[in-house]
Amino acid sequence: MPFDRSIKIAPSILAADFANFGAECAAVEAQGADWVHVDVMDGHFVPNITFGPATCAAIRPHIKGVMDVHLMIAPVDPYIDAFADAGADVITAHLEAGPHIHRTLQAIRGAGAKAGLALNPGTGLGDVGHLLDMVDLVCVMTVNPGFGGQKFLDMSAKIRDLRAMIGDRPIHIEIDGGVTPQTAPLVAKAGADVLVAGSAVFKGGSVADPAPYGANIAAIRAAAEAATGVMA
Ligand code: DX5
Ligand code: ZN
């Protein structure tokens, strides 16, 4: 089977109703989400606090597809098993989170999850090349991590270079932050296949009225696919 590089939309539940996460996850999946993106923040690596492994375990039964856990925490290693046990399919750690990213990526795969490597906007690709055989996903941040609803930072050149470095390897390029129908074509054209979107997906809808979720997801997907000419 060729590696699936078709466009995938991963709503970030950071923009969902925190009091109703389970139903929100089920609602966005029913409205066309491919993955569900879960932002874990510790108030140390980033200036915000969200939730931990217990919340991931609580929402897991409500997610039929991929639970994509983005760890904005430091240190990472002491918590990998807890997120794997919570049912995370993908566990992404930041290259900037500590001096031992090689050990961290080994530990994520050792815990049975797919390993993701995230890069802040200020971080280049210099330290990525020799780690590519240890990862299943590279997340290029298009905002400085910590909050939803921020302005998109254009990382097209970094994405293009990364896409060239990856070659035929089965590695997803994920984009996270400020993704909308206006910015999605830029990153898709540069080679990204997983598009995380929080505020652009959850705006205007709710669990009681989820149709806007579906329209928002479809609009981002259509814009990205039009830019690549590849339909799912
Ligand atoms: C930010 C998070 C993102 C964020 C995206 O640190 O990693 O996943 O929730 O939200 P939007 O799409 O609103 O920028
Ligand atoms: Zn994220």
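I looked up aspartate 176 and found it in strand 7 (residues 172-176); strands are DSSP runs of E, at least two residues, and helices runs of H or I, at least four, numbered from the N terminus. The model is predicted: local features need pLDDT of at least 70, side-chain atom pairs count only at pLDDT 80 or more, and totals for chains, interfaces and linings use all residues. Residues are numbered from 1 along each chain as its sequence is written, and side-chain values use heavy atoms, with hydrogens and water left out.

Aspartate 176 counts as buried at 7% relative accessibility (buried is under 20% relative accessible area, exposed over 50%, partly exposed in between; 1.4 Å probe, protein chains only). I then listed its contacts (heavy atoms within 4.5 Å), leaving aside neighbours within four places in sequence; among them are His37, Asp39, His70 and Cys139. The side chain of aspartate 176 makes a polar contact with the side chain of histidine 70 at 3.0 Å. For a polar contact I took a pair of N or O atoms within 3.5 Å; within protein, one must be able to donate a hydrogen and the other to accept it, and residues adjacent in sequence count only if both atoms are side-chain atoms.

I moved on to aspartate 39, in strand 2 (residues 35-41). Aspartate 39 is buried, with a relative accessible area of 4%. Its side chain makes a polar contact with the side chain of serine 12 (2.6 Å).

I consulted the UniProt record, an unreviewed entry, which lists Asp39 and Asp176 under "active site"; positions are in the numbering used here, feature names are shortened, and annotations may be inferred rather than shown by experiment. The two span 138 residues in sequence, yet no two of their C-alpha atoms are more than 10.4 Å apart, so they gather at one spot.

I looked at the nonpolar cores (sets of buried Ala, Val, Leu, Ile, Met, Phe, Trp, Tyr and Cys residues joined through side-chain atoms within 4.5 Å). The largest has 74 residues, and those touching the most other members include Ile13, Val38, Ile175 and Ile220. Another core, of 10 residues, lies apart from it, with Val90 and Leu137 among its members.

I counted 4 aromatic pairs (Phe, Tyr and Trp rings, the last by its six-membered ring, with centres within 6.5 Å; planes under 30 degrees apart are stacked, over 60 edge-to-face, the rest tilted). Phenylalanine 18 and phenylalanine 21 form a tilted pair, 4.7 Å centre to centre with 50° between the planes. Phenylalanine 18 is partly exposed at 43% relative accessibility, whereas phenylalanine 21 is buried at 8%.

Key
Chains lettered and ligands numbered in written order.
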